[in-house]
Amino acid sequence: QRTVLSADAFNALPHPENTIGNAPSQVYWIPNSRKLAFSTRITFEGPGMANGDGLYILDTENGNLEKLLTVADTWAWSFSFSPDGEKIAISKPESLDIYHADGSLYSKSLISFNFVNTASEYAWTPDPVWSPDSSSIGVAIPPQDPWTQEPADSTLAVLAIDGSSKQTYCSKMTFFPGGFAAFSPDLNHVAAITRQPTAPDNVFGLELMTLDPTQTTEYTTGKIYSTPLWSPDGSKFLYHDLNSGLYIGEPGVAPLAMPDIGEVTGMAW
């Protein structure tokens, strides 16, 4: 174990004068490298939530630290590197931009949307899923106000990062801050949590969708409050029903119960 960035060095990174310092926000390995990419969360004396404006790169072999790019004009954002490590998606509360790995802009506002009312102090930003060849991303975007009795449709989109193609599908889905729709790794399927107007309270549908061509199948219903987790090959997915437990799902195949597993707090393939 060795320290490559001390607490003092971390707090020495820029932050507004009226704040205490910095805390880690996202910390991820850059694909095919020994470098870490990270962003900061500004810490306040009291309540409050805001990101710092820098995406930093830390070389874990020599300790070199650089600020790769500045995300200006927003206090909330997140990043995601493409599988080949050559592109970066920067998600903001009203748009998603694509950058080259050297920090230069590749595509401004690949997709734009309305600021989402989270009914809290944080701002919602998309969590994109990259295609294995790094050429496309999938994003699920809720309506502007997802808490109303009859919310507008959510949007699923698969976008070529060069802007050459776009596939979209809009439908009524149930918004959960932790996620409401999960793209398979190949972006060919989506498992989404949907509203069930005639069902008992807190019972939702789990629908399987394809965007090109658009097909939708209601897979099951239940007290499903978290998005399913697709297997790496995209053939199956895990999902949890608060009443009946953990299941393995598969398009075109009935759910397989896993009765030996009790309460679930996290899942990984």
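Is Lys 172 buried, partly exposed or exposed, and at what relative accessibility? In this predicted model, Lys 172 counts as partly exposed, with a relative accessibility of 39%. Its side chain meets that of Asp 153 in a salt bridge, at 3.6 Å from N to O. Asp 153 lies in the loop between β10 (136-141) and β11 (154-160), while Lys 172 lies in the loop between β12 (166-171) and β13 (181-183), so the pair ties together parts that are 19 residues apart in sequence. Asp 153 likewise counts as partly exposed, at 35% relative accessibility.

A search of the whole structure finds 5 salt bridges, including the pairs set out below.

| Pair | N to O distance |
|---|---|
| Asp 53 and Lys 67 | 3.1 Å |
| Lys 108 and Asp 97 | 3.7 Å |
| Asp 153 and Lys 172 | 3.6 Å |

The salt bridge between Asp 53 and Lys 67 links distant parts of the chain, with Asp 53 in the loop between β2 (35-43) and β3 (54-59) and Lys 67 in strand β4 (residues 65-70), 14 residues apart. Asp 53 is partly exposed at 34% relative accessibility, and Lys 67 is partly exposed at 37%.

Lys 108 forms a salt bridge with Asp 97, and this pair also links distant parts of the chain, since Lys 108 sits in strand β8 (residues 105-112) and Asp 97 in strand β7 (residues 95-100), 11 residues apart. Lys 108 is exposed, with a relative accessible area of 52%, whereas Asp 97 counts as buried at 1% relative accessibility. Together with Lys 92, Asp 97 and Lys 108 are linked in a network of salt bridges.

Conventions. Residues are numbered from 1 along each chain as its sequence is written. This is a predicted model: local features need pLDDT of at least 70, side-chain atom pairs count only at pLDDT 80 or more; totals for chains, interfaces and linings use all residues. Side-chain values use heavy atoms; hydrogens and water are left out. A salt bridge is a side-chain nitrogen of Lys or Arg within 4 Å of a carboxyl oxygen of Asp or Glu. Helices (H or I, at least four residues) and strands (E, at least two) are DSSP runs, numbered from the N terminus. Buried means under 20% relative accessible area, exposed over 50%, partly exposed in between (1.4 Å probe, protein chains only).
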